[in-house]
Amino acid sequence: MSVTPDLSGQTAVVTGASSGIGRAIAERLGACGAHVILSGRTEATMRQSVDAITRAGGRATVKVSDVRDPAAMAHLAESALELDGRLDIFVNNAGVAWLAPIIDGDVEHWRAMLETNVLALLVGCQAAIRAMRSTGNPGRIINVSSVAAQDRASGVYGATKHAVNVITQTLREELADDSIQLCSIMPGLVATNIGRNHNPAVIEGIVAVSGVDTTFVPGEHLANEVLEKGQAALSDFMMSPEDIADAVAYVVGLPASVNITDLALRPPKGFDL
Ligand SMILES: NC(=O)c1ccc[n+]([C@@H]2O[C@H](COP(=O)([O-])OP(=O)(O)OC[C@H]3O[C@@H](n4cnc5c(N)ncnc54)[C@H](OP(=O)(O)O)[C@@H]3O)[C@@H](O)[C@H]2O)c1
């Protein structure tokens with residue numbers, strides 16, 4: 001399935017667009033006709049996505065930036081106004097995860113998760129709302145949360161995703177009189193590079209079923225081929241980034257009279273990292 005609403009004339013920002021879910025969302029919004037501003041730290045993969053979008057007749061722009069820098073994060077929404085005079089869609093997707101028990105946790109991993117998954121998202125929401133209000137156009141903000149937000153014992157990573165849902169719901173109430181809609185998308189397991197800091201045995205298992213002759217180095221990215229083949233072999237347990245892009249395309253393609261506020265997506269069977 002490929003959900004492709006007509007987003008011609010719209011401008012979208014996607015954070016964490018250099019890999020995984022964000023990259024798939026950016027490419028999908030571009031394929032739907034939106035001008036996509038891709039934000040991330042890894043320029044090479046974003047350039048590849050820009051090439052794919054422009055080859056198909058679309059328009060895309062790369063902004064290399066670190067979401068942990070609040071000024072750079074706020075500037076993403078402003079850059080949409082500078083380039084197009086509008087901002088229709090803002091996707092707060094960038095995220096990191098370490099799943100260690102709290103008693104064994106590392107304060108720098110907690111800081112990275114809180115600053116990337118929560119603080120950057122707050123700054124992104126605030127900047128996007130200010131930009132959308134300044135144009136008077138309706139806008140949509142998609143916050144990428146996780147099914148970890150539905151589990152009360154999901155550790156520090158899960159706590160950041162609970163925070164995402166609380167922030168999203170609070171802003172929805174603050175924006176009751178605005179034409180800006182917010183949605184919290186909660187994926188279950190998706191085959192991306194989010195697992196690079198997880199239990200190496202699980203990731204090595206995914207590499208093994210992919211059939212690709214490669215070695216997983218903890219903390220480093222896996223090749224797309226490994227993720228795609230691993231996902232295909234384990235599709236009962238892991239979704240693909242395109243499945244989440246389908247959900248985002250569906251939400252942003254709805255008429256303004258419909259707002260999907262929370263959307264959880266799970267593979268058919270559980271898979272515990
Ligand atoms: N995969 C899953 O199973 C799953 C499930 C539920 C929710 N999620 C959520 O989905 C979102 C996307 O993750 P993913 O699964 O697609 O993982 P991923 O492949 O590791 O992608 C994460 C993205 O976030 C970006 N990012 C991280 N820190 C950043 C920073 N400081 N500044 C700028 N960009 C930064 C990365 O960019 P660079 O590499 O260029 O730095 C990358 O583009 C996250 O919020 C994650 O929590 C994932």
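Student: Which side chain meets Arg23 in a salt bridge?

Tutor: Bear in mind that this model is predicted. Start with the general idea. Side chains of opposite charge can pair when their charged atoms come close. Here, Arg23 pairs with Glu27. The N to O distance is 3.5 Å.

Student: Where do Arg23 and Glu27 sit in the fold?

Tutor: Both belong to helix α1, which covers residues 20-31. They are four residues apart, so about one helical turn separates them.

Student: Is Arg23 buried or exposed?

Tutor: Arg23 counts as buried because its relative accessibility is 13%, and the cut-off for buried is under 20%.

Student: Which parts of the chain does the pair of Asp178 and Arg133 tie together?

Tutor: Asp178 lies in the loop between α5 (155-174) and β6 (180-187). Arg133 lies in helix α4, residues 107-135. The pair therefore ties together parts that are 45 residues apart in sequence.

Student: What is the relative accessibility of Asp178, and what is that of Arg133?

Tutor: Asp178 has 24%, so it counts as partly exposed. Arg133 has 48% and is also partly exposed, since exposed requires over 50%.

Student: Which residue forms a salt bridge with Lys269?

Tutor: Asp236 does. The closest N and O atoms of this pair are 3.4 Å apart. The pair links distant parts of the chain, 33 residues apart. Lys269 is in the segment after β7 (262-265). Asp236 is in the loop between α7 (224-233) and α8 (241-252).

Student: What are the accessibility values for Lys269 and Asp236?

Tutor: Lys269 is partly exposed, at 42% relative accessibility. Asp236 is partly exposed too, at 32%.

Student: Now the cysteines. How many disulfides does the structure hold?

Tutor: General idea again. A disulfide is a covalent bond between the sulfur atoms of two cysteines. This structure holds zero. Consider Cys125, which is in no disulfide. Its nearest cysteine sulfur belongs to Cys183 and is 12 Å away.

Student: Is Cys125 buried or exposed?

Tutor: Buried, with a relative accessible area of 1%. Cys183 is buried as well, at 1% relative accessibility.

Note on methods. Residues are numbered from 1 along each chain as its sequence is written. This is a predicted model: local features need pLDDT of at least 70, side-chain atom pairs count only at pLDDT 80 or more; totals for chains, interfaces and linings use all residues. Side-chain values use heavy atoms; hydrogens and water are left out. A salt bridge is a side-chain nitrogen of Lys or Arg within 4 Å of a carboxyl oxygen of Asp or Glu. Helices (H or I, at least four residues) and strands (E, at least two) are DSSP runs, numbered from the N terminus. Buried means under 20% relative accessible area, exposed over 50%, partly exposed in between (1.4 Å probe, protein chains only). A disulfide is a pair of cysteine sulfur atoms within 2.5 Å.
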